[in-house]
Amino acid sequence: MAKPKKTPRPKAETPKGFRDYFGAEVTHRAEMLRKIAAVYHRYGFDALESSGVETVEALGKFLPDVDRPNEGVFAWQEDAEGDKPGDWLALRYDLTAPLARVYAQHRNDLPTPYRRYAMGPVWRNEKPGPGRFRQFYQCDADTVGAPSVAADAEICAMLADCLEEVGIARGDYIVRVNNRKVLNGVLEVAGLSGDDKEAERGIVLRAIDKLDRLGPEGVRALLGEGRKDESGDFTKGAGLDGPQADVVMGFMQAKGASGAETVDRLRGLVTGSDVGMQGVDELNLISDLLKAGGYGPDRVEIDPSVVRGLGYYTGPVFEAELTFEIQDEKGRTRNFGSVAGGGRYDDLVKRFTGQEVPATGVSIGVDRLLAALAMKTQGAAPDPGPVVVTVMDRDRMADYQAMVAELRQAGIRAEVYLGNPKNFGNQMKYADKRGSPIAVIEGGDEQARGVVQIKDLILGAKIAENATHEEWKDRPSQVEVPRDQLVAKVREILDAR
């Protein structure tokens, strides 16, 4: 009789393109979200938490590939019900498409304009790469129902405030603003208007959006026949001739020494295009509104190279770029780059209602912003772990629980060691691995005398590494205090950090 095959053990590994987050990473993200939410709330936006799953039909034009309902998203089809095929569902690709559905569904109960912010994970079924994951957090704010570009100017100001609130210093970032109407005017001047040129326009938009990564030569190649990357993959170009490409490249290089000079150059480029002139006027107004609020070109600037590649932007577009230098994975010095972007998309709700509803918004890439802050603070002391109350006598666990309860009630992060207390050295190793600043020790002798030992683990490590014998005696890392002074002494040590 053949032996039954053993069921193979599953591999303990995260799926490709995903990762796990531990301790300080989760805490830092929660703190960042709290700070950003506070800014959004201060500006008058209300929180919204929508479903993590949407119908593919509702996602519609927001999908990366509308012809293949599961391409680019994690999608599945529900079971059929009789003769009716099951709906296609997908994990949300971003937080904008759910807003479109929510507003269309509840518009009679919502104020106009409707100002909402939303935070949470989104999922993209795309090829992962270094620092590029299939699940990541976004942090959005949108105004629906406000046609004035004053709403766009407000978003730009709020974005600048968010960056400063989370710890990005002024001078280490810039919010760059452009207008899709200006680009539409440029495309019209270049002979790329009309329904028969939709494919070429899409390629041009994506090419311009890659200026920072590919440089002018790479973009120029994509405007023409196409470009082959370092891996040998070929990307088909827009097929523009020389004069057409010159017009587009001139638009990308129109940035002047000031916002006024940039606006003047853009006005010259779109002469003859009504939509282009309208876009230039809107940029000029946004610049004036921001200046009135104290947001000068050191924080927000007009920059024609900003072209968000998504097809639903219809007016102003903006992008927040961090300008400080970092070392990439190959040791090269470069700027960190974009951490947020957005713009106006007045066709947001039209798919559902048939009526055009103006809207504008921004999305902050939380994971990229966290990575940027981590790079800025490299070498800083890590967040301390909890105070550890050690267990010298397992029969006295109630006494140790009383100690830790007092510490927690005083607002001090603390825990009792819950492993095997037999080996005291293992308790110290545990405290070290947890990054604990203090260990509390009370054996039978200390209990009889009404005292506790408080061991400053961080100071002890410093003394052990650098101090002389005399310094060791003068700066003891372990002190004995009366039991009723436990909380006060722990607080004193923590406050001295």
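**Entry 1, a serine.** I looked up Ser436 and found that it counts as buried, at 5% relative accessibility; buried means under 20% relative accessible area, exposed over 50% and partly exposed in between, with a 1.4 Å probe and protein chains only. Ser436 sits in the loop between helix 14 (424-433) and strand 16 (438-441). I take helices (H or I, at least four residues) and strands (E, at least two) as DSSP runs, numbered from the N terminus.

I then asked myself which residues Ser436 touches, not counting residues up to four places away in sequence. They are Gly385, Pro386, Val388, Ala431 and Leu457, where contact means heavy atoms within 4.5 Å.

**A note on the source.** This is a predicted model, in which local features need pLDDT of at least 70 and side-chain atom pairs count only at pLDDT 80 or more, while totals for chains, interfaces and linings use all residues. Residues are numbered from 1 along each chain as its sequence is written, and side-chain values use heavy atoms, with hydrogens and water left out.

Is Arg344 buried or exposed? I found Arg344 buried, with a relative accessible area of 3%. Arg344 belongs to strand 12 (residues 333-344), and its side chain reaches the backbone oxygen of Ala146 at 3.0 Å.

I went through helix 5 (residues 180-189) and found it mostly covered, with 7 of its 10 residues buried. Among the buried ones are Arg180, Lys181 and Gly185. Asn179 caps the N-terminal end, with a side-chain oxygen 2.8 Å from the backbone nitrogen of Lys181. After the helix comes Gly191, whose phi is positive, near 80°.

I traced an open sheet of 3 strands in the order 2-4-3, with antiparallel pairing; two strands pair if DSSP finds at least two bridges between them. Strand 2 (53-55) and strand 3 (75-77) are the edges, each pairing on one side only. Strand 3 is joined to strand 4 (residues 88-91) by 3 bridges, and I noted Leu89 as the bridge partner of Trp76.

Conventions. A polar contact is a pair of N or O atoms within 3.5 Å; within protein, one must be able to donate a hydrogen and the other to accept it, and residues adjacent in sequence count only if both atoms are side-chain atoms.
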